Structures are given as structure tokens and as C-alpha cells.
Amino acid sequence: MRLDIILENALVVDGSGGKPYPADVGIQGSAIAGIGDLSGCEAGRRKDVSGRVVCPGFIDVHSHADLAFFRDDHDVMLTPLVEQGITTFVGGNCGMALAPITEENREGIKTYLEVFTQMDFERDVQWDTMGSYMDHMDKKGLLLNSAQLAPHGVMRISALGLSDKPADDKAIAFMQKLLEESLEAGAFGLSTGLQYAPGLHSDTRELSLVSRPLSACDAVFTSHLRSYTSNCLNNAIDEVARVAGDNNIRGQISHIFSVPWTGPVLHPLALKVIKWLARHDRAAVQWIPDALLDAEMNRILKKVKTVRQAGIGMGMDMMPTTTGFTHLLAFFPPWALSGDRQAVLERLQSRDTRQEIRKDIEQGRPIWPHRGKNTWSLNLIRQMGWDALIVMAVNSEKNKPLEGRRFTEIAAEQNKHPFDVMCDLLLEEDGQVLAFETMSDPDDLFTERYTFPGIKDPDTMISTDTILLGMGRPSYLFHGCYPKFINRYVYQLNLLDLPAAVAKCTSIPAEHFGIRYRGVVKEGNYADLLVIDAENFRTQATFADPRHAAEGLDMVFINGCQVVENGTRISQGLSGRMLRKNSQPSPTA
């Protein structure tokens, strides 16, 4: 047998969670063609990887990297992903994707996508259906593999425009049809973004009925939950479980976290205490008993376990950071976001309306679900404070110096309230502003400590929530999520062993999302492989200085093609593939 490449003397961590073992790994074409003693095989190239681990490429189950696909240089934008070992990502998350595009309510879809991506919709969108979008990307070429979800938010706009009304039977039938077409094209499931318009205007009945076509395809229902507020989180998980249970499908809770809420009377004091502990993080994690630090995440895990015991296949992913990020308008009450972009910006120009919005932020209560005017269930500014928000990305050169700065800091300099700074910036940027949110300093030890049970949980997957659009200050996870996860939680803190950590990033997501022939080092699977110096696989990327490639990443193979050498992309070729759930031939077929 003649192989293209043999990786000799590897320690194989195969992604299954099983014990590592020594072996040679052979690649032929796009396939893993041999594992074991391959010393007697001919090879076009041999590489001695003694002292190195060979493992599957990482599968990122919650990413928005697909929102860069309209760009001619999308592979350049997404290079940080392969330079940290990601070989496959699931796109179309949070109810947002670049397809399907319908003639019905096209202007609403245009507004929705342009605000987030800063694309020129009429120039850049060269497809309509999910199928034509996938075909377009096949011709264009992909840097890494992508599995796509059908986006509920886009499909809801197709059916109802930017209406905040519940979907009637006609609209539900229209969304079902779009979902069926997307599944026939190869989508892996349906995604929802229930914190954001238009997804927040849906109810559980709509979600359950729209999701019916998923059952026949054994596809997944994913959800950016309606709320991550501590007092509403059980309801939000129950909603996903209801949709999954009604349709006998798997559910997925996207990027799980919990934001505390102790009620309108106690919360101001509780928030001061939490922020004090976060500022004194090292002392706090020593003083406070582990049981108390673990309590909230253990509560979430127990809730998910109860759902699974009821026979519902429920997955969950987590970002290894405590600093979130999203569109700035996501921090505003839902009523202020109704209509198109122009309608929203006109409200921000009115001083009286600004005062009304600010009042609802400062006095609103997170009540399940968001139906009342100022009772939306994820009022992050009230729950985390005005000082929790940091400018992530703007479009204009004028405001670039604001990126990475807190709105409260800018407000003090401009002698304004932080809310007025937000409104003025949104107006100057035509609504296109992204923001970080963090309880204290990014990734303080106290806030990080509560995530440990989820990090250790064997079934919780690891994700990046990537938004790489060539603008602003990226999250350091976009450059260093997986090296941080491996180095910090395996080698620094000993929360996991290496095989368990790798499984959370490879075989577990592949199985849950139905991605075949990937996620495990196995003969006959695709050669999506990493060669890493495991103990030195790390990142220098930080919140303040995010753009660093991984250290200790020797090689990355995607579909048998080497794309990274010593942490740097070496091939300008596009060896990734648009995956289709309903057509996943083996590499040897």
C-alpha cells in the first residue's frame, strides 16, 4: 500500500475519549488510510512526529464564521480558525444565516443582514435558496468544512416581515416549506435566536410547529435561548425541550451561561457585591466554598440532566470565557427595535423616546417570557450595570479609537450618560455597532470559577461564537479558543484529562449534530487531523491583545491537505467542503 503521507511515531488521542496509544497514521487522498505500524508502507512523504499528539480537528458547533462567506477574501478572514485547529464549524446559528433569501419581504432580510455583516446586500448576495447558496460556496471554495443550519430569524422575516406579531398558520406553513427546502439541500437543522428580533417575537407553539420537518431528517434544533437570566433559565431550557420532545428530535442549548437576578429590591446591592468579588477575584475564589461557587452551573447541569432522563436528546455548548459579545441593540427593550433599521434609528433621535427606553432599561424586570413592554427576560444592562458594556466593533474610522473602551469611560469624557453615548454611536454608525459585555475585567477568576462544572461536564461541547467580519476588536476566542481550553483546563488546572477534553471538541459534537466520518481518528474517516505538542498547545491571545496564532500546533490537515505548519497557514488552497447532512459519502466511497 502506498500512502500520500505517514505521520510516524505519533501518540494518537483519537477523539473517542479513550486511552491514547502509539501509532503511525497514514493519509491517502482525503482519507485516513492506515493506523498502526506503517513502517513497511510506501509513502510520498513521511513526517516523524515523535513526542506529538495526533488528534481529530476541532469541530466548532456554534459559529458565525459563515457570515463572512459573501466576501471574496473570506478565507483570509477565517484563517485564525484553522490556525487554532478548527477544521469544521457549524454555521447559521442564532437564527441568522446568508440563506435562504426570498422575494417575500426581501427588504426586511436586507436590513437584518446588512446591520450585522455590513455587506452590500444587492451586490454580495448571489443566491436565493439554501441549495443555490451551498452550490455557490462549493464553486467559490472553502478554507475549512462548514455544516449549515437553517435560520429561523431569516425565515420568519420571509414569512412575516419585521412584524412583532405571533405567527399565524399561514406564516408557519411558509416557514415549514423553507425549512423543508433547506433540509433537502443539506442543512443539519434549524437554529433560533430567541433573545433577538425577530426570534423573540415567536412563541413556543410557533417554534414547535415550524420544527416539524426536522423529525424526518433526524436533524437538530438549536437555540440561543430566550433568556439566560437566572430566574428564567429553567423556562428557557424547558422551551427547547418542549420543541425537541414534540418533534422527537435533538435539542442544542447554545453557549450556555447564567446572568444573576435577585429581584428589583435586592439586585442593586447584590450586583455591587458581585462586582466587588470580581474585582477581588483571587481572594474571592479562596474565601468562598467550592460548593457555593459551583451551585449555579450545577443547577443548570442538573436541569439538563433531568431533560435527558425524560428521553430528550439535549446537547449544550459553552465558550471558555466570561466575556460575551453581540449587537449593541440587543441590550435595548424589544419594543424599541420593532420595524426596520430606519424606524429604530428615528426612535434614537427623539429625546423623549430615549428617556422612555432608558427608563425601561433601568426599571424593567426580567420576567418570562418577553411579552410586556419593559419585562423582557434578558435585560442585561440592569442585571450587569452600565459599566458592563465595551465597544467591540464600529464601521467608521472616526470611531475606531472607541473600540475596546467601556461606554461609562467614554461617557465620563464626553460628560454624557452612557445610554446617550450608545444612542449617539448607533446613529453615527447607522446602527452597526457590536459590544462586549462582562461583569468586571474580562475573564476575572471569580466569574470564571462558576463555569468550572460546565467545563468539566463530559457532554458539554466547546464553541467560539466566532464573528470574524474584518472589523473591530475580535474576541480572543476567535484566535485562541481551543488552545486556551486545552492548556488552561487540562494542564494548568487539571479539570480534565486530554482524551476527555479532545472528545468534547470532536466526537461529541460530530455525533450530536450528525456529522459523519469526522471527529474520530479512524481508518475510513476523513483526514481532518491535528499534530500538536499537547503540553505546550497554548495561546498568547488576550482580551486586550487578541490576534495571536496558537503555539504548539505543528500541523493541520483538512480533508487530507495540509493547511498549517508550525501554527501558520501555509496553503492558499481551499480544501474545506460545504457539508450536506443528507449526502455524506465516506472518503473511500
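**Notes on salt bridges and cores**

1. The side chains of Glu206 and Arg156 form a salt bridge, with N to O at 3.0 Å. Glu206 sits in helix 8 (residues 204–210) and Arg156 in helix 6 (residues 152–160), so this pair ties together parts 50 residues apart in sequence. Keep in mind that we're looking at a predicted model.

2. Are these two partners buried or exposed? Glu206 has a relative accessible area of 1%, so it counts as buried. Arg156 is buried as well, at 0% relative accessibility.

3. Now for a pair of sequence neighbours. Lys165 makes a salt bridge with Asp164, and their closest N and O atoms are 3.4 Å apart. Lys165 is exposed, since its relative accessibility of 52% is over the 50% cut-off. Asp164, at 38%, counts as partly exposed.

4. Helix 13 (residues 290–309) holds both Glu296 and Arg299, which are three residues apart, or about one turn of the helix. Their side chains meet in a salt bridge at 2.7 Å, N to O. Glu296 is partly exposed with a relative accessible area of 22%, and Arg299 is also partly exposed, at 28%. Elsewhere, salt bridges with shared partners link Arg354, Lys416, Asp420 and Asp424 into one network. If you want the overall tally, the structure has 39 salt bridges.

5. On to the nonpolar side of things. The largest nonpolar core contains 161 residues, and the members that touch the most others are Leu78, Leu328 and Phe332. Helix 21 (residues 477–492) is the biggest giver to this core, with eight residues. Apart from it there is another core, of 16 residues, including Ile27, Ile32, Ala527 and Val531. In general, nonpolar side chains in soluble globular proteins tend to be buried together.

6. Which residues does Leu328 contact, leaving aside neighbours within four places in sequence? The list is Leu389, Phe407, Met422, Leu426, Val433, Leu434 and Ala435.

7. One more residue to look at is Asp360, found in helix 15 (residues 351–363). Asp360 is buried because its relative accessible area, 5%, falls under the 20% cut-off. Not counting residues up to four places away in sequence, Asp360 touches Pro333, Trp335, Lys373, Asn374, Trp376 and Asn379.

Terms used:
Residues are numbered from 1 along each chain as its sequence is written. This is a predicted model: local features need pLDDT of at least 70, side-chain atom pairs count only at pLDDT 80 or more; totals for chains, interfaces and linings use all residues. Side-chain values use heavy atoms; hydrogens and water are left out. Helices (H or I, at least four residues) and strands (E, at least two) are DSSP runs, numbered from the N terminus. Buried means under 20% relative accessible area, exposed over 50%, partly exposed in between (1.4 Å probe, protein chains only). Contact means heavy atoms within 4.5 Å. A nonpolar core is a set of buried Ala, Val, Leu, Ile, Met, Phe, Trp, Tyr and Cys residues joined through side-chain atoms within 4.5 Å. A salt bridge is a side-chain nitrogen of Lys or Arg within 4 Å of a carboxyl oxygen of Asp or Glu.
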